[in-house]
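Biologist: Could you walk me through how to read a few features of a structure, one at a time? I would like the general idea, then the case at hand.

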Amino acid sequence: MVEGIERRFFEKGACGSSPAYSLSDFDKGQFRTVGEIMAASLAQGGPAPNFMMMWCYHYLCKESLNAQDLDENDVADAQYSDLISRVKAATDPETICDLTDDIVNCGYTGVICVEKKTEIMRAVVLHACLRLLPILTQIKEGLQLYGLGSIMARHSKACKTLFVPGDDMTADADYISSILSADYSEEGSSKRRTETMIMDHFQDFLQELEQDGNELSPLCPKNIMQWITSHGHIPVLQEEKKTFSIVVKFNHDCKSVFGEHKICYPVVAACSNSITLPVRHLQSYKRFREILVESYHQGQEFSCV
């Protein structure tokens, strides 16, 4: 949901994202809903909307803006970023005069000439950012759900990582491997040796998914974690982060349940954050990989494949 909000209602810039300028969405109160969804997501443990530009976050906390801190890196709108680049590149009066209409529409009222490029670019930056303030105000109204807006105002430093890019909260192969909790058989037993080998397969599989350009794309470690636990992010709440794990169980007796058969699939339980692996069918890495990929693609519903 949060990823969808970022794609639909925000534009990506050099240092994060800022709201996409849409008076239609503003008039319908859509940005208030955006704020409410962000608050609800955080209240339920994530994912966090940690994609906002710093100046947007500061405004959401304090509802005030120091315009002197804004620069061209704070502009995410492609139209105005392009205009800034064209003004910066202009070296003669004719080139910069061709941009007169666009410059004037940004509220610049001075002389348009090469010598005034810095002032012109400054006007474009201010126009691009200041027109978003009503939209940010509406998002702030939505953040009042569960009192999050008030918490942000009092603890802006503590909340910053939840809204501003920095710490990556996406689950990667190393993180998932670190939270795998295998329900092993008795140490020294043949079952234990087989289970250890399968756990090695699991970690190798996660590392392979993380490699760029693998043929399993768009599969990635985050997708596997989301399949097993219903979310693909590192928990936001500190207490949950300390105790969060994926329990790996091993089924050694599928033959006694299903009789003679050629293939068995893992069983995932998102409510208990667990996956049960059919040991008999996962002896080789190649077979492990094939069965996990097929299970992921065919097992997105609440049913057994």
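Predicted model: local features only at pLDDT ≥ 70, side-chain atom pairs only at ≥ 80, totals over all residues.

Biologist: Which other residue has a positive phi without being a glycine?

Modeller: Glutamate 63 is one, with phi near 55°. Glutamate 63 also belongs to a loop, the one between H4 and H5. At 39% relative accessibility, glutamate 63 counts as partly exposed.

Biologist: Now to rings. How many aromatic pairs does the structure hold?

Modeller: In general, a pair of aromatic rings is described by two things, the distance of the centres and the angle of the planes. This structure holds seven aromatic pairs. In one of them, phenylalanine 10 and phenylalanine 51 have ring centres 5.0 Å apart and planes at 70°, so the pair is edge-to-face. Phenylalanine 10 lies in strand S1 (residues 10-13), while phenylalanine 51 is in the loop between helix H3 (30-43) and helix H4 (54-62), so the pair ties together parts that are 41 residues apart in sequence.

Biologist: Are phenylalanine 10 and phenylalanine 51 buried or exposed?

Modeller: Phenylalanine 10 is buried, at 7% relative accessible area, and phenylalanine 51 is buried at 6%. Another pair, phenylalanine 202 with phenylalanine 288, is tilted, with 5.9 Å centre to centre and 50° between the planes. That pair links distant parts of the chain, 86 residues apart: phenylalanine 202 is in helix H13 (residues 190-210) and phenylalanine 288 is in helix H17. Phenylalanine 202 is buried, with a relative accessible area of 1%, and phenylalanine 288 is buried with 0%.

Biologist: Which residues do ring pairs link into a cluster?

Modeller: The cluster is made of Phe202, Phe205 and Phe288. While we are looking at helix H17 (residues 285-298), find serine 295 there too. Serine 295 is buried at 2% relative accessibility. Apart from neighbours within four places in sequence, serine 295 is in contact with Trp227, Tyr265 and Pro266.

Biologist: What about empty space? How much lies in the largest cavity, and how much in the largest pocket?

Modeller: The general idea is that rolling a probe the size of a water molecule over the atoms shows where empty space is left. The structure holds one cavity of 30 Å³ or more, and the largest cavity has about 70 Å³ of space. It is lined by 13 residues, and Ser18, Ala76, Asp77, Ala128 and Leu132 are the closest to its centre. Strand S2 (16-19) and helix H8 (117-130) each supply at least two residues of this cavity's lining. Sorted by class, the lining has eight nonpolar, one polar and four charged residues.

The largest pocket has about 890 Å³ of space. Among its 34 lining residues, Val2, Glu3, Pro47, Ala48 and His233 lie nearest its centre.

Biologist: Which helix gives the most to the lining of the largest pocket?

Modeller: H1 gives the most, with five residues. By class, the lining of the largest pocket has 10 nonpolar, 15 polar and nine charged residues.

Biologist: One last feature, please. How many residues of helix H9 are buried?

Modeller: Helix H9 (residues 133-143) is mostly covered, with nine of its 11 residues buried; Leu133, Ile135 and Leu136 are among them. For a contrast, look at alanine 89 in helix H5 (residues 78-89). Alanine 89 is exposed, with a relative accessible area of 56%. From its C-alpha atom to that of glycine 147, 58 residues apart along the chain, the separation is 47 Å.

Note on methods: Residues numbered from 1 in each chain as written. Heavy atoms only, no water. Helix = DSSP H or I, 4+ residues; strand = E, 2+ residues; numbered from the N terminus. Buried < 20%, exposed > 50% of the residue type's maximum accessible area, 1.4 Å probe, protein only. Contact = heavy atoms within 4.5 Å. Phe/Tyr/Trp six-rings, centres within 6.5 Å; stacked < 30°, edge-to-face > 60°. 1 Å grid on protein atoms, 1.4 Å probe; cavity = no way out; pocket = protein on both sides within 12 Å on 5 of 7 lines; lining within 4 Å. Points joined across faces, edges and corners; volume = space filled by probe spheres on them. Nonpolar A, V, L, I, M, F, W, Y, C, P; charged D, E, K, R; others polar.
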